Structures are given as C-alpha cells and as structure tokens.
Amino acid sequence: MTVFIDPPNWPGHGRMWSHMVSDASFDELHAFAAGIGCPRRAFERDHYDVPSHRYADAVASGAVEIGSKELVRRLTEAGLRRPKGRPAPRGDR
C-alpha cells in the first residue's frame with residue numbers, strides 16, 4: 001500500500017488543504033489517517049482533507065508527496081475514485 005498526498009494548495013475555511021489517498025483500499029487509508037490523528041469526518045468520498053499544518057506529519061509517517069493531477073491519476077487507476085455526484089458504496093462512508 002502507498003498513501004499519497006498532494007501539496008496544500010486547496011483553500012477552504014480560512015486555511016489551505018491537501019488531499020490524501022491510498023492506491024490500495026479505503027480501509028488502509030482510514031488506518032493510516034487514524035495513525036496520524038486525522039478524524040474520520042475529514043474523509044470525503046475517496047480522500048482525506050488534510051490541513052496544511054498536518055502535511056509534514058503525513059509525510060513523516062510515510063505519505064508520498066505527489067502533484068494533484070498525479071494523485072487523481074493514481075486514485076483512478078486503483079479503482080478508488082468516487083467523483084461528486086456518484087454515491088460511495090455503503091462500506092466506504
């Protein structure tokens with residue numbers, strides 16, 4: 001399993017955010033996120049929103065830094081992409 005994170009380039013709620021994904025499964029992504037203290041409520045469809053002040057924690061714990069386009073490509077290739085408007089399977093929420 002590899003967990004990937006893009007740079008904190010996404011504005012929202014007065015701060016900048018990264019997206020963190022897995023190339024293997026949501027269960028492994030949830031376990032990694034819990035290990036670095038990301039609350040489950042930060043999970044949105046197919047990724048975790050990670051505030052910029054937690055970016056270094058994710059990388060230090062093993063998340064691989066990649067660009068946003070590459071992150072989406074890897075997520076899609078893994079079959080884990082859940083675009084807006086397409087409901088997530090019940091077990092993935």
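Residues are numbered from 1 along each chain as its sequence is written, and side-chain values use heavy atoms, with hydrogens and water left out. Because the model is predicted, local features need pLDDT of at least 70 and side-chain atom pairs count only at pLDDT 80 or more, while totals for chains, interfaces and linings use all residues.

I begin with β5 (47–51); strands here are DSSP runs of E with at least two residues, and helices are runs of H or I with at least four, numbered from the N terminus. Five of the five residues of β5 are buried, so the strand is largely enclosed by the rest of the structure. Buried means under 20% relative accessible area, exposed over 50%, and partly exposed in between, with a 1.4 Å probe and protein chains only. His-47, Asp-49 and Pro-51 lie on one side of β5, with Tyr-48 and Val-50 on the other. In a regular strand, side chains alternate between the two faces of the sheet.

Which strands pair with β5? Pairing requires at least two DSSP bridges between two strands. β3 is joined to β5 by four bridges and runs antiparallel to it; here His-19 stands opposite Asp-49. β4 is also antiparallel to β5, with two bridges, and Phe-43 has Tyr-48 as its bridge partner. Two residues separate the strands of this β4–β5 hairpin, in which Arg-45 takes a positive phi near 65 degrees.

Tyr-48 is also among the residues with the most contacts inside the largest nonpolar core, together with Ile-5, Met-20 and Cys-38. Such a core is a set of buried Ala, Val, Leu, Ile, Met, Phe, Trp, Tyr and Cys residues joined through side-chain atoms within 4.5 Å.

Tyr-48 touches Arg-40 and His-30, among others (heavy atoms within 4.5 Å). Arg-40 is found in the loop between α1 and β4 and counts as partly exposed because its relative accessibility is 41%. Its side chain makes a polar contact with that of His-30 at 3.1 Å; the term denotes N or O atoms within 3.5 Å, where within protein one must be able to donate a hydrogen and the other to accept it, and residues adjacent in sequence count only if both atoms are side-chain atoms.

Finally, 18 residues line the largest pocket, and His-19, Arg-45, His-47 and Asp-49 are among those nearest its centre. α3 gives the most to the lining, with four residues.

Notes
On a 1 Å grid over the protein atoms alone, a cavity is a set of points where a 1.4 Å probe fits but cannot get out, and a pocket is an open set with protein on both sides within 12 Å along at least five of seven lines; lining residues have an atom within 4 Å of a point. Lists of a residue's contacts leave out its neighbours within four places in sequence.
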